[in-house]
Amino acid sequence: MKASKEIVVSGIRPTGNLHLGNYMGAVKNFIKMQYDYQCYFFIADYHSLTTHPNPKDLHENIKTVLAEYLACGLDPDACALYIQSDLTQIPELYMLLNMHAYLGELERVASFKDKARTQPNNINAGLLTYPVLMAADIIIHKAVKVPVGKDQEQHLEMARNFANRFNRIYSCDIFPEPHAFNYGTELIKIPGLQGGGKMSKSDGDNNVINLSDSPDVIRKKISRAVTDTGPTEANSTPTSSVQNLFDLMQAVSASDALNHYKIAYANCSIRYGDMKKQLAEDMITFLQPIREKIEAIKKDDALLSKVAKIGAEKALESTSKTMKEVREAVGFKSF
Ligand code: ADP
Ligand code: TRP
């Protein structure tokens, strides 16, 4: 990897199977970027500890995401593909950044407010400082581009604040500003199947299409997706749940199929049952090659452990280099 290439970092928490939202919002970009940039892609296992997973599940989920990354086409020779908890420099930088992260700004973060509302009995300090750890993940490699979905925009803004603040306080120029990235013009939000909101693991299995879902499961989930009673006026605007189906079709179907149903909606002749059948078959075709690879790779422990080891070595080179500069800037110099 040439040093002149722009640096890219992104990660996904190991909280279950990867789904279509993760793929479209994040992983699809990773695959395209890995040959054009110096890329660091990881499994954000420290981040998943905020919800206290049991150790056995956590271990299994780390393995799943690693296998799914590979099945989607991440190439461990082209990028650094690693497990976050293999790098002790990341929590070290997180701790240093925490000294300049303020309660007020952390409490205002939308994802914190959401989680505090949905898990009132577990509003821990890790949850509050989640954006600080995420900033550490990114700036420790001096990344400038971060491929993520739209929901991560605010976290990126915080990462820029923490990077700039560190440079200013310690009169240095260690960290460049990271920005959210997507190959299209806008960051992506894939909708869930149950209407409204984004496709997310936390909203239950019926809301998501997992990359590993079998054809039957995909057919069942899509047939149960929320719709409405149908348009009654020509050229009306679809309700959000129907727009969701159009958005999913846009993601996996050919443009003539999408246009066909758009026209049918506009002239009120649409049959949601037919549209769902088409969407399900297109989804199955789209995901089949990935699903087959996941099954094979997940069984290959030797491959997974080799990939994780090589990835950690590559990442370590970069994290230890940055931390040397950071420790000096802070005043930790040897006598
Ligand atoms: P989840 O919300 O299911 O827990 P994560 O928060 O682990 O997923 O997301 C990992 C990556 O996938 C992030 O870059 C995030 O922006 C992206 N992502 C997750 N859900 C979606 C979605 N529905 N649409 C677009 N991108 C998404
Ligand atoms: N916060 C991200 C999410 O929930 C995951 C993540 C952790 C991440 N650290 C990161 C994404 C660094 C990009 C860069 O999806």
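Predicted model: local features only at pLDDT ≥ 70, side-chain atom pairs only at ≥ 80, totals over all residues.
Across the interface of domain 1 and domain 2, four residue pairs are found in polar contact, both residues of each pair having pLDDT of 80 or more. On the side of domain 1 that touches domain 2, the elements giving two or more residues are α1 (20-33) and α3 (55-72). Of these, α1 supplies the largest share, four residues. By class, this side of domain 1 consists of seven nonpolar, five polar and two charged residues. Salt bridges across the interface of domain 1 and domain 2 number zero.

Domain 1 is formed by residues 7-189 together with residues 301-330, and domain 2 by residues 201-294. To the contact between them, domain 1 contributes 14 residues and domain 2 contributes 15 residues. The C-alpha centres of domain 1 and domain 2 are 31 Å apart.

The area buried between domain 1 and domain 2 is about 1300 Å², and 69% of this area lies on carbon and sulfur atoms. On the domain 1 side, 43% of the area buried against domain 2 is supplied by His-19, Leu-20 and Ala-71, more than by any other three residues.

Key: Residues numbered from 1 in each chain as written. Chains lettered and ligands numbered in written order. Heavy atoms only, no water. Domains from an automatic or database assignment. Contact = heavy atoms within 4.5 Å. Buried area = accessible area lost by both parts, 1.4 Å probe. Salt bridge = Lys/Arg side-chain N within 4 Å of Asp/Glu carboxyl O. Polar contact = N/O pair within 3.5 Å; in protein donor to acceptor, adjacent residues only side chain to side chain. Nonpolar A, V, L, I, M, F, W, Y, C, P; charged D, E, K, R; others polar.
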